[in-house]
Every structure is written in structure tokens, then in C-alpha cells.
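Student: I would like to go through this model with you. Could we begin with the terms and then move to the details?

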Amino acid sequence: PTLQSNFGASILLEHWQLGSSTAMSYIVWDGADGDPTSLDPTGLGGVDLTDGGTLTGIRLRVQLNDLPAPLTLSAYTDGSNWSSATILLPGGIPPATVLFIPYLDFIPQAGTGADFTNIGALSLFIDGSNTPSLDVQLDLIAASNPVPEPGTMALAALGVCLLGGAGRFRRRKVA
């Protein structure tokens with residue numbers, strides 16, 4: 001199994017399991033403590049992932065995910081207050097798909113849970129221990145708002161056009 005982070009190209013994170021191998025990947029963002037073996041729950045110094053209340057969750061863009069497998073994101077305010085959210089990577093991707101995990105879906109694991117206006121560390125866990133030959137590529141992990149699906153955007157545009165047409169029809173009828 002391999003894990004790569006490629007910050008200079010289009011793929012941010014790759015988790016590959018060769019043949020029938022199984023593996024797990026654990027990635028931690030906890031500041032520059034220089035210790036990759038332990039999580040510093042306050043290492044980021046209190047980052048506001050909500051950007052002053054304007055962002056509501058974490059968006060992941062998955063470029064490749066050949067088999068269903070769980071992915072867990074954990075957010076830490078400190079060692080006594082943290083939350084996590086687990087999603088099932090759907091498998092069968094490409095084409096690229098966007099997954100959105102609202103902050104409200106994070107379940108407190110200790111204390112009152114994470115305060116997303118005061119994040120000290122984040123972790124991402126890809127569990128391929130029960131999924132031989134799992135391959136995953138992520139090209140975006142970001143604090144965000146939900147991105148409307150193309151179908152939703154098309155329906156909204158149609159609704160605006162219909163409302164505009166109805167108003168125009170009423171004005172003609174009155175004149």
C-alpha cells in the first residue's frame with residue numbers, strides 16, 4: 001500500500017492498495033510540531049473553519065474511489081473536546097464527485113465536541129482494512145458550503161425564467 005500527498009499537481013492525496021492488500025491511511029493536520037507520530041490537539045492554534053460563520057462544513061472532491069470504504073474526519077478543539085464524522089466513500093468513481101460533510105454531522109467524541117470556530121487539529125482516516133485493493137484519490141479537502149448539484153441549479157434557473165415569464169404575461173394582459 002502507498003500514500004502520497006502531491007501538492008504540486010492536480011491530486012492532493014492518493015491511497016493505493018496493490019493487489020489484494022489491505023491498509024489504512026491516517027493524515028493529521030496539527031501544526032509544525034515536527035512529530036508525525038502523535039496528534040497535537042491544539043497545534044493549529046484555534047483556526048476558525050467557519051470563517052466567521054459563513055462556512056458550514058467540509059467539502060471533499062474525490063477523483064477516484066474504486067470500492068466502497070469508510071472515511072473518518074475528526075476535528076479537535078483541544079484534547080478534551082473533539083468530534084468526528086464518518087462517511088462511506090461510494091465506490092465506482094470516476095468521474096469526480098463532491099462529498100459534503102456539514103459541521104452539524106460531526107458527533108462529539110469527547111467533552112462537548114469540537115468548536116469549529118476554534119480548531120486545534122484535524123485528522124483524516126481512510127480505512128481499507130476490510131477493503132482489499134482500495135484506491136482513493138482526493139484533490140480537494142476544504143472548509144466550504146454545499147455546492148448545488150447541476151440538476152438543482154438547472155431547476156433554480158428554470159424557476160427564475162418561469163417567474164419572469166409569468167410576470168411579463170401578467171403585464172401584457174393588463175395593458
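Tutor: A polar contact here is a pair of N or O atoms within 3.5 Å; within protein, one must be able to donate a hydrogen and the other to accept it, and residues adjacent in sequence count only if both atoms are side-chain atoms. This is a predicted model, in which local features need pLDDT of at least 70 and side-chain atom pairs count only at pLDDT 80 or more, while totals for chains, interfaces and linings use all residues. Residues are numbered from 1 along each chain as its sequence is written, and side-chain values use heavy atoms, with hydrogens and water left out.

Student: Which backbone nitrogen lies 2.8 Å from a polar atom of the side chain of Asp-30?

Tutor: That of Asp-40. Asp-30 itself sits in the loop between β3 (23-29) and β4 (57-65); strands (E, at least two residues) and helices (H or I, at least four) are DSSP runs, numbered from the N terminus.

Student: What does Asp-30 touch?

Tutor: Leaving aside residues up to four places away in sequence, Asp-30 touches Ser-38, Leu-39, Asp-40, Gly-43, Leu-44, Gly-120 and Ala-121. Contact means heavy atoms within 4.5 Å.

Student: How many salt bridges does a search of the whole structure find?

Tutor: One, where the term requires a side-chain nitrogen of Lys or Arg within 4 Å of a carboxyl oxygen of Asp or Glu. Its partners are Asp-139 and Arg-61, at 2.8 Å from N to O. Because Asp-139 belongs to strand β10 and Arg-61 to strand β4, the pair ties together parts that are 78 residues apart in sequence.

Student: Are those two buried or exposed?

Tutor: Asp-139 is buried, with a relative accessible area of 16%, whereas Arg-61 is partly exposed at 28%.

Student: Changing topic, what is the overall pattern along the sequence?

Tutor: The protein chain reads β-β-β-β-β-β-β-β-β-β-α, with 10 strands and one helix. Of its 175 residues, 34% count as buried.

Student: In what order do the strands of the open sheet stand?

Tutor: The five strands run β3-β9-β5-β6-β8, with antiparallel pairing; two strands pair if DSSP finds at least two bridges between them. β3 and β8 (107-110) are at the edges with a single partner strand each, so one side of each is left without a neighbour in the sheet.

Student: How many bridges join β5 and β6?

Tutor: Nine, in the antiparallel sense, with β5 covering residues 69-78. The two strands form a hairpin with two residues between them, and Asp-78 stands opposite Asn-81 in β6. Strand β6 (residues 81-89) also pairs with β8, over three bridges; there, Pro-108 in β8 is the bridge partner of Ser-83.

Technical notes
Buried < 20%, exposed > 50% of the residue type's maximum accessible area, 1.4 Å probe, protein only.
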